[in-house]
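Please look over the sequence and the 3D view below before reading on.

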Amino acid sequence: KIKLDIQDLTAEFSKKKIEKKTAAPKLIKSTKKSYLSNEKARCVSVVLQKLNFEKDPIIVSDALIEYDESILTPEACDLLKPAFPKQSKFDELLQKLEENKVNQDDLIASDIFIQTVGCVLGYQERLDSLMEVKMLY
């Protein structure tokens, strides 16, 4: 037989145990939005990621203005060509941004890319000329 000390057991079990509840980590929701179609946003996003421009999508428009061949390499031009906006898509995006009074900081990288590239006068011709120059070499 085992002798039990009932006083010790009663004292031990009568102590209030405080259970610490751990709160589930809160997910930080991104407040950035896209006003492009899912397909176009995905296409542009993939290209920007492949070229490592997703953190600074404005780099492409700056490179177009300056004809910066260190950024707009032949490979980059080939990848960027299908991601470039048609004038109608650019106009559509600008209209949505104006209607919703959207700040550029609230946009995802693909929308910023379309917005900034579309603002470069003759952006398509600039890219085409860079690609033609590359073909000559």
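Which residues line the largest cavity? Tyr-35, Leu-36, Ser-37, Lys-89, Glu-92, Leu-93 and Lys-96 do so, and the notes under "The cavity" below say more about this space. This is a predicted model, in which local features need pLDDT of at least 70 and side-chain atom pairs count only at pLDDT 80 or more, while totals for chains, interfaces and linings use all residues. Residues are numbered from 1 along each chain as its sequence is written, and side-chain values use heavy atoms, with hydrogens and water left out.

**The chain as a whole**

- The chain has seven helices and zero strands, where helices (H or I, at least four residues) and strands (E, at least two) are DSSP runs numbered from the N terminus.
- Read along the sequence, this gives the pattern α-α-α-α-α-α-α.
- Of the 137 residues in the chain, 30% are buried; buried means under 20% relative accessible area, exposed means over 50%, and partly exposed lies in between, with a 1.4 Å probe and protein chains only.
- Among the contacts in the chain with a separation of 6 or more, 80% are between residues 24 or more positions apart, a contact being heavy atoms within 4.5 Å.

**The cavity**

- Rolling a probe the size of a water molecule over the atoms shows where empty space is left.
- On a 1 Å grid over the protein atoms alone, a cavity is a set of points where a 1.4 Å probe fits but cannot get out, and lining residues have an atom within 4 Å of a point.
- The structure holds one cavity of 30 Å³ or more, and the largest cavity has a volume of about 40 Å³, a volume being the space filled by probe spheres set on the grid points, which are joined across faces, edges and corners.
- The lining of the largest cavity has three nonpolar, one polar and three charged residues; here Ala, Val, Leu, Ile, Met, Phe, Trp, Tyr, Cys and Pro count as nonpolar, Asp, Glu, Lys and Arg as charged, and the others, Gly among them, as polar.

**The nonpolar core**

- A nonpolar core is a set of buried Ala, Val, Leu, Ile, Met, Phe, Trp, Tyr and Cys residues joined through side-chain atoms within 4.5 Å.
- The largest such core has 30 residues, and those with the most contacts inside it are Val-60, Leu-64, Leu-72, Leu-80, Phe-84, Phe-113 and Val-117.
- Two or more residues of this core come from each of helix 2 (38-50), helix 3 (58-66), helix 4 (74-80), helix 5 (87-100), helix 6 and helix 7 (123-136).
- Leaving aside neighbours within four places in sequence, Val-117 is in contact with Val-60, Ser-61, Leu-64, Phe-84, Pro-85 and Tyr-123.

**The aromatic rings**

- The structure holds two aromatic pairs, and rings of Phe, Tyr and Trp (its six-membered ring) pair if their centres lie within 6.5 Å, with planes under 30 degrees apart counted as stacked, over 60 as edge-to-face and the rest as tilted.
- Phe-84 and Phe-113 form an edge-to-face pair, because their ring centres are 5.9 Å apart and their planes stand at 70°.
- Since Phe-84 lies in the loop between helix 4 and helix 5 and Phe-113 in helix 6, this pair ties together parts that are 29 residues apart in sequence.
- Phe-84 also forms a tilted pair with Tyr-123, at 6.0 Å centre to centre and with 50° between the planes.
- Tyr-123 lies in helix 7, so its pair with Phe-84 ties together parts that are 39 residues apart in sequence.
- Phe-113 counts as buried because its relative accessibility is 0%, and Phe-84 and Tyr-123 are both buried.

**Single residues to look up**

- Gln-115, in helix 6 (residues 109-118), counts as buried because its relative accessibility is 18%.
- Not counting residues up to four places away in sequence, Gln-115 touches Phe-90, Leu-93, Leu-94, Leu-97, Gln-104 and Leu-107.
- Most residues other than glycine have a negative phi.
- Tyr-67, in the loop between helix 3 and helix 4, has a positive phi of about 50° although it is not a glycine.
- Lys-101, in the loop between helix 5 and helix 6, likewise has a positive phi of about 50°, and Lys-101 is exposed because its relative accessible area is 76%.

Terms used. On a 1 Å grid over the protein atoms alone, a cavity is a set of points where a 1.4 Å probe fits but cannot get out, and a pocket is an open set with protein on both sides within 12 Å along at least five of seven lines; lining residues have an atom within 4 Å of a point.
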